[in-house]
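Have the sequence and the 3D view open while you read.

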Amino acid sequence: MNMVKSKTLKSAFIGATALAASFSVSATPVTFFDTIAGGQSQFSSTVTGAGATVNSVTLAGLTGGNSWDFGDFEISNTDGGYASISSAGVNTSTGQMIGINPQNPAPQSGITFTFDTAVNALGFEVGDWGTCCTPSSLYIAFDGGSTNLVGTANSYSDNPTVAAGGGYGNDTIFVGAIDDADTFTTVTFYGDGFGEFLTAGGTILWADVDIGSVSVPEPGSLALLGLGLAGLGFTRRRKA
C-alpha cells in the first residue's frame with residue numbers, strides 16, 4: 001500500500017471513529033420502566049456497571065403536605081399544592097407514596113426532587129397507574145430540560161407489574177432515568193393521564209455516574225460508521 005492510500009484510510013477511519021464517539025456521548029438518556037424488583041435490579045446494575053454507587057432511602061414517617069425533606073434531597077409538589085400520603089404496602093409499594101393528581105398543564109402537577117449534591121440517575125416507584133383515563137404517559141425531566149418519556153399505558157395491561165401477573169391492589173412499578181450527559185440538582189416527574197390518580201415514592205434510588213459512562217452509539221451513528229467503513233473499502237478497490 002502506498003503512502004497516499006495509507007493516509008486516506010487512516011484519516012477516514014479516524015473520522016468514522018470520532019463520529020461514533022460523538023454520538024455515544026450524546027445518546028438518549030436511559031429510562032427504566034418495569035416491575036419493582038426488575039426495575040431496581042436493572043437500575044442498580046447499570047449504575048454499578050458504570051463504576052458508581054447507588055444511594056437509597058425508603059419513604060417513611062410522612063404526613064400530607066407539599067414538601068418533604070430527606071437530608072440529601074427534598075421532594076416537593078411542583079405546583080406547591082397539597083398531596084396526601086399512602087401507607088407503605090398499598091399497591092405493594094415498598095415505602096410510603098405521595099399522591100399525584102394530573103392536571104393541565106401536566107408538568108406542573110407532578111413532583112420535583114431537589115438534591116443537595118448534583119446527580120444524574122434517579123429511580124422510584126409509581127402506583128395506581130394506568131387504571132383509567134388512557135392513554136396515560138409518565139415523564140421525567142432533568143433541571144427543567146428536555147422531557148424523557150418513561151412509558152405509556154393505552155390499557156391497564158400496559159402496566160409492567162400488571163403484565164407480569166399483578167392487578168388491582170398489586171400494580172406498583174419502578175420508573176427512572178439516567179442522563180449521563182451532565183449532572184443536575186432537580187428532577188421533575190409527572191403523568192398526563194388527566195382524571196386518574198397515581199402515587200410516587202416507595203424506595204428512592206439515586207446516583208452520580210461519570211459523564212458518558214452509560215451511553216452507547218445510537219442506530220444512526222452505527223449506520224453512518226458502517227457507511228464510512230464501506231467507503232474505505234470502495235476507495236481501496238478503486239485505487240488498487
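A residue is called buried when its relative accessible area is under 20%, exposed when it is over 50%, and partly exposed in between (1.4 Å probe, protein chains only). Ser 76 has a relative accessibility of 15%, so it counts as buried. You'll find Ser 76 in strand E4; strands (E, at least two residues) are DSSP runs numbered from the N terminus. Skipping neighbours within four places in sequence, Ser 76 is in contact with Asn 66, Ser 67, Trp 68, Gly 110, Ile 111 and Thr 112, where contact means heavy atoms within 4.5 Å.

A quick word on the source: this is a predicted model, where local features need pLDDT of at least 70 and side-chain atom pairs count only at pLDDT 80 or more, while totals for chains, interfaces and linings use all residues. Residues are numbered from 1 along each chain as its sequence is written, and side-chain values use heavy atoms, leaving out hydrogens and water.

Now for the rings. Searching the whole structure turns up 13 aromatic pairs. Rings of Phe, Tyr and Trp (its six-membered ring) pair if their centres lie within 6.5 Å; planes under 30 degrees apart are stacked, over 60 edge-to-face, and the rest tilted. Here are two of them:

| Pair | Centre distance | Plane angle | Type |
|---|---|---|---|
| Phe 33 and Trp 129 | 5.6 Å | 80° | edge-to-face |
| Phe 73 and Phe 113 | 6.3 Å | 45° | tilted |

Phe 33, in strand E1, and Trp 129, in the loop between strands E8 and E9, are 96 residues apart. Phe 33 is partly exposed at 26%, whereas Trp 129 is buried at 0%. Phe 73 and Phe 113 are both buried. Ring pairs also join them into a cluster with Phe 70, Phe 115, Phe 124, Phe 189 and Trp 206.

Terms used: Helix = DSSP H or I, 4+ residues; strand = E, 2+ residues; numbered from the N terminus.
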